[in-house]
Structure formats: structure tokens, C-alpha cells
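Visitor: I am new to reading protein models. Could you take me through one, feature by feature?

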Amino acid sequence: MTGRLEGKVAFITGAARGQGRAHAVKLASEGADIVGLDICGQIDSVDYPMSTPEDLQETVELVEKHGRRMIAGAGDVRDIESLRALYAEGEATFGHVDLVVANAGIMPIWGRDSDTMLAWQDSLDVMLTGVLHTVETAYPRLLEQGTGGSIVLTGSMAALKPMMRTLGGRTLGGLGYSAAKAAVVNLAQNYASILAAHHIRVNVVHPTGVNTPMTDNPMVHERFGTIDPDDKLAVANAMPVRFVEPQDIADAVAFLCSDEARFVTGAELRVDAGSRLR
């Protein structure tokens with residue numbers, strides 16, 4: 001089915017590559033124009049290469065191949081003013097924003113600084129406070145429009161089960177990642193309750209491991225070469241795949257943004273290849 005989001009505009013964080021890019025391209029294929037933000041730079045505690053301006057431009061080009069427009073800008077979800085500025089630019093260009101995907105994330109769970117308080121704090125700042133900033137930027141404008149809307153937050157299976165099984169697998173970055181994703185669930189529940197009367201829906205998507213530059217990089221490859229077999233079980237899927245693809249998550253996000261999910265709010269949608277079963 002195509003055209004489910006015709007006439008809509010989506011605001012997406014972490015849009016330069018990976019899941020964020022997949023969301024932008026999928027929603028554009030369904031008829032939406034896109035407003036996309038990404039840091040396009042490095043965070044000190046993250047031990048793999050993060051996105052670049054060239055990555056974000058590539059997302060713009062992929063969106064345009066679907067005949068849609070994209071306003072893109074560098075910004076940091078830890079800085080609410082950068083979110084507000086790009087959101088306002090999107091509204092000025094398109095006249096409205098209807099859909100919000102709070103996707104920006106980092107994974108400082110392994111690597112040289114992973115067992116530092118910096119990794120813990122960066123995880124909370126990006127994946128919890130950054131989500132808060134995204135929703136706080138968007139919902140007052142959605143209320144003013146008075147036409148409802150859909151907000152989708154990126155969770156993780158790390159929110160639903162322990163991702164560390166041994167002392168050797170424990171890092172402060174891993175604990176911060178898991179804590180942030182678990183708190184996002186509570187955040188979504190509260191926003192869903194607050195905004196339901198205004199037909200603004202808030203839901204969470206929980207992926208298992210996804211085949212993106214966040215998981216396919218030298219840091220992860222090195223770690224998996226030395227990881228305790230018990231800790232490998234924490235990321236095992238019941239279905240015989242190591243990763244799902246970004247498109248699999250984007251399909252779920254598109255559903256939650258569409259009218260097919262018009263009465264779905266406060267929900268947690270797992271796209272986990274049966275990870276919860278293990």
C-alpha cells in the first residue's frame with residue numbers, strides 16, 4: 001500500500017543514516033515530506049564513526065527520488081534550541097508538521113570510554129533528554145494545529161530485558177543505554193495519556209539488533225570476537241537472524257504514523273525477531 005501519508009510532514013531526528021534514514025525514505029515513499037535533523041559529528045564517548053553532513057545529504061537525495069521534499073539540518077538533540085530552529089524551518093516551508101519520530105541514538109556500550117560516567121551521561125542526554133526535547137518541541141505545535149498527530153519514539157529490547165549477563169559484560173555505557181531506553185517507555189506512556197484527548201498518539205518501537213553503522217563497525221566486531229558466550233545470549237534472537245534491517249523498523253514506524261493505527265497509542269511494538277523469547 002502506498003500513499004498512506006500523502007500530504008503529511010514528518011520531523012525525524014537521527015535522519016542521516018541507519019534507522020533514521022530508513023524512516024525518512026519509507027515515509028517519503030508513502031507521500032510525506034520530511035524535516036530531518038542529525039548531529040553530523042562525533043560524541044566523545046562513542047567509539048565508532050558517527051554521521052557526517054554527506055550522510056545527511058544522501059538521505060535528502062533518497063527522499064527526493066520519491067518525489068518528496070526534505071528540509072535537513074545539523075543539530076544536537078541535547079540542545080533543544082537546535083530542534084526548535086529546524087522544526088520552525090520545517091513549518092515555515094511546509095506549513096505544518098504532523099508526524100514526529102524521535103530516533104536519534106548512540107551506542108557507547110563498548111569501546112575505550114564505555115565504562116566511564118561520560119558514557120553513562122551521554123546515553124541519558126541523547127536517548128532520554130533528547131527524546132524529551134523532541135517531544136517538547138513538537139507537541140505544543142501539534143496542539144495548536146488541532147489536527148492530531150503521531151509521535152513515535154525509538155526504544156530497544158534493552159528496555160525490556162537485561163542486556164548484560166556477566167561482570168565482564170557490564171559497562172556504565174551499557175547501563176546508561178538500557179536505562180535510557182527503559183525510561184523512554186515511561187515517557188511515552190505519560191505523553192500518550194496527556195495527549196490522547198487531542199488525538200495525538202505516542203508509541204514506542206522496540207527493535208532487536210538492526211543492521212546499521214551503529215552495529216556494523218570495528219568496535220562491535222572486536223567486541224563480538226572476545227565477548228563471553230553468556231553475554232552473547234543477551235542479544236540472541238529466536239528467529240535465525242543476527243540482525244533485522246532498518247527497513248523492517250521503518251515499516252513499523254510507517255504503520256504507527258498512518259491512519260491504520262489511528263486508535264493505537266501508549267503501545268510498545270516489538271520488531272525483535274523473537275528476541276524477547278530468549
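Guide: Begin with the terms: helices and strands here are DSSP runs, numbered from the N terminus. This is a predicted model.

Visitor: How many helices and strands does the chain have?

Guide: The chain contains 8 helices and 7 strands. Its radius of gyration is 18 Å, close to the 19 Å that the globule rule gives for 278 residues, so the chain is as compact as a globular protein of that length. Along the principal axes, the C-alpha atoms fill a box of roughly 50 × 35 × 30 Å.

Visitor: What share of the residues is buried?

Guide: A residue counts as buried when its relative accessible area is under 20%. In this chain, buried residues make up 54% of the 278. The chain exposes about 11,700 Å², and carbon and sulfur atoms supply 53% of that area.

Visitor: Which part of the contacts joins residues 24 or more positions apart?

Guide: Take the contacts with a separation of 6 or more; residues 24 or more positions apart account for 79% of them.

Visitor: And how many charged side chains are there, positive and negative?

Guide: There are 24 positive and 35 negative side chains. The centres of the two sets lie 6 Å apart.

Visitor: Now a single helix. What length does H1 reach?

Guide: Compare its span with the expected one. H1 covers residues 18-29, which is 12 residues, and reaches 17 Å from its first C-alpha to its last.

Visitor: Is H1 mostly covered or mostly open?

Guide: Mostly covered: 11 of its 12 residues are buried. Among them are Gly18, Arg21, His23 and Lys26. Just after H1, Gly31 takes a positive phi of about 110°.

Visitor: What does Gly18 touch, leaving out residues up to four places away in sequence?

Guide: Gly18, which sits in helix H1, touches Thr212, Pro213 and Pro246. With a relative accessible area of 18%, Gly18 is buried. Sequence distance and spatial distance can also be set side by side. Gly18 and Glu245 are 227 residues apart in sequence, and their C-alpha atoms are 9.2 Å apart in space.

Visitor: Where is Asp76 placed?

Guide: Asp76 lies in the loop between strand S3 (70-74) and helix H3 (80-94).

Visitor: Why does Asp76 count as buried?

Guide: Its relative accessibility is 19%, and the cut-off for buried is under 20%. Leaving out residues up to four places away in sequence, Asp76 touches Leu37, Ile39 and Ser82.

How values were computed:
Residues numbered from 1 in each chain as written. Predicted model: local features only at pLDDT ≥ 70, side-chain atom pairs only at ≥ 80, totals over all residues. Heavy atoms only, no water. Helix = DSSP H or I, 4+ residues; strand = E, 2+ residues; numbered from the N terminus. Rg over C-alpha atoms; globule rule 2.2 N^0.38 Å. Buried < 20%, exposed > 50% of the residue type's maximum accessible area, 1.4 Å probe, protein only. Contact = heavy atoms within 4.5 Å. Areas by Shrake-Rupley, 256 points an atom, 1.4 Å probe, with all protein chains shown as cover. Lys, Arg positive; Asp, Glu negative; His and termini not counted. Charge placed at Lys NZ, Arg CZ, Asp CG, Glu CD. Expected span 1.5 Å × (residues − 1).
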